[in-house]
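Hi there,

Here is the structure I promised to pass on. Please have a look at it first, and then read on for what turned up.

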Amino acid sequence: MKRYKIIHRTYYNYSKPVTLGEHRLLLRPREDHELRIESFKLKSIPEAKILWYRDVEDNSVALVDFHQKVQQLIIESEVIIQQYNENPLDFIVADYALYYPFEYKVSDKFLLSPYMVLPNQASLQLLNSMILNLFDRSQKIQTYTLLQRLSAYIFKRFTYNVREEPGVQTVEQTLALGSGSCRDFALLFMETVKCLGLASRFVSGYLHAPLMSSQVGSTHAWAEVYLPGGGWKGFDPTIGDIVGADHIPVAISMLAESVPPISGLYTGNAKSTLDVGVWVSKL
């Protein structure tokens, strides 16, 4: 078991006083048999009442409704977790899914269908061309080997860039530029997996990078694929490897653009600036 401490600070500064509306926070890690929350603190300036709920994909969402005028908004979360996913390869894929291609069972396919929606026609053609570089479709290949090969291919083929602007690049943009951020690579991986007929979803969270633990970091993103017998398994094309104990998931979604850590509204004739700091340290 490993223990991590994550501090996530967000500062919004406004050129003039504005009235804050409702904000939606996705900052609490997802608890399961691999991850336990030891402590969690969430505060804001100005202070406001926080209401918690689970959304349709079982993410912990904090709703904060300020309804007051400010020139600065500060949101800070501090969490200590226990991470048990120290051996990410310790799982067994069902016999029928051990080699690709395979078909999900009918009952699973019905539930997984939202995570299998194919991209638009333009993306589909580009991704099918990329898939030709990964393996020979006339031959069987171990499913895990194929997914790991795709993750490594994106890592080696594309240049990583830190992008401060919100949103996710389209598949066409990432392929044309040959570069992107972690969220862009996660979407590229997801859409490619769907072209293979498998279910995939987007994950946002944190990554413990030992060489950068004392520096200001940022949130991270990767993708998960549903493997019969093994469940949802994460792959991180930004590092070209399977997801392990250093990855701390916060929110999952079938849509890459729908799980920003903080989203909300304000009214007023003012410009805004955003500063974010994330520190992930091993305890």
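Below is what I found about the salt bridges.

Please keep in mind that this is a predicted model. Counting a Lys or Arg side-chain nitrogen within 4 Å of an Asp or Glu carboxyl oxygen as a salt bridge, the total comes to eight. I describe three of them here.

One of the eight salt bridges joins arginine 3 to glutamate 38, with 2.8 Å between the closest N and O atoms. Arginine 3 sits in strand β1 (residues 2-25) and glutamate 38 in strand β2 (residues 35-45), so this pair ties together parts that are 35 residues apart in sequence. Both ends are partly exposed: arginine 3 has a relative accessible area of 29%, and glutamate 38 has 37%.

Strand β1 also takes part in another pair, through arginine 9. Its partner is glutamate 76, and the closest N and O atoms are 2.9 Å apart.

Which residue forms a salt bridge with lysine 109? That is glutamate 103, with the closest N and O atoms 3.1 Å apart. Glutamate 103 is exposed, with a relative accessible area of 56%, while lysine 109 is partly exposed at 36%.

How values were computed. Residues numbered from 1 in each chain as written. Predicted model: local features only at pLDDT ≥ 70, side-chain atom pairs only at ≥ 80, totals over all residues. Heavy atoms only, no water. Helix = DSSP H or I, 4+ residues; strand = E, 2+ residues; numbered from the N terminus. Buried < 20%, exposed > 50% of the residue type's maximum accessible area, 1.4 Å probe, protein only.
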